[in-house]
Amino acid sequence: MDIWAALKELDEVDQEIISLRFFVDCTLSEISKIVGMRESAVKNRLYRSLERLKKGIERMGGNYHHVYSRFDFLCR
């Protein structure tokens, strides 16, 4: 399972939000300033994108629990 392939299935903005949050460790406030959206909009897009990422990983035959649990934990 290739997480990068699943990420590429997402919209560019969603890829950016996920990357900034989990790979760059930006806060939601920082991300909102970078992408020019309200913080609440960033949070909504993040959660929806993670759900789409989960489905993409499952569709590719991967076990999303190994990847998704890290993302889910960091969202709290």
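This is a predicted model: local features need pLDDT of at least 70, side-chain atom pairs count only at pLDDT 80 or more; totals for chains, interfaces and linings use all residues.
Start with the pair H2 and H4. Two packed helices are described by the angle between their axes and the distance between the axes. Helix H2 spans residues 12-22, and helix H4 spans residues 39-59. The axes of H2 and H4 come within 9 Å, with a crossing angle of roughly 100 degrees. An angle of 65 to 115 degrees counts as roughly perpendicular, so H2 and H4 are roughly perpendicular to each other. On the H2 side, the contact uses Val 13, Asp 14, Ile 17, Ile 18, Arg 21 and Phe 22. H4 answers with Val 42, Arg 45, Leu 46, Ser 49, Leu 50, Arg 52 and Leu 53. By class, these residues are eight nonpolar, one polar and four charged.

Now turn to H3, residues 28-35. Its axis and that of H4 come within 8 Å and cross at roughly 100 degrees. H3 is therefore roughly perpendicular to H4. From H3, Leu 28, Ser 29, Ile 31, Ser 32 and Val 35 make the contact. From H4 come Glu 39, Val 42, Lys 43 and Leu 46.

Next comes the core. The largest nonpolar core holds 15 residues. Leu 7, Ile 18, Ile 31, Leu 46, Leu 50 and Leu 53 touch the most other members. Helix H1 (3-8), H2 and H4 each supply at least two residues. H4 gives the largest share, five residues.

How values were computed: Residues are numbered from 1 along each chain as its sequence is written. Side-chain values use heavy atoms; hydrogens and water are left out. Axes are lines fitted to C-alpha atoms, for helices over the stretch in contact, and angles run from 0 to 180 degrees between N-to-C directions. Helices (H or I, at least four residues) and strands (E, at least two) are DSSP runs, numbered from the N terminus. Angles under 35 degrees count as roughly parallel, over 145 as roughly antiparallel, 65 to 115 as roughly perpendicular and the rest as oblique. Contact means heavy atoms within 4.5 Å. A nonpolar core is a set of buried Ala, Val, Leu, Ile, Met, Phe, Trp, Tyr and Cys residues joined through side-chain atoms within 4.5 Å. Buried means under 20% relative accessible area, exposed over 50%, partly exposed in between (1.4 Å probe, protein chains only). Ala, Val, Leu, Ile, Met, Phe, Trp, Tyr, Cys and Pro count as nonpolar, Asp, Glu, Lys and Arg as charged, and the others, Gly among them, as polar.
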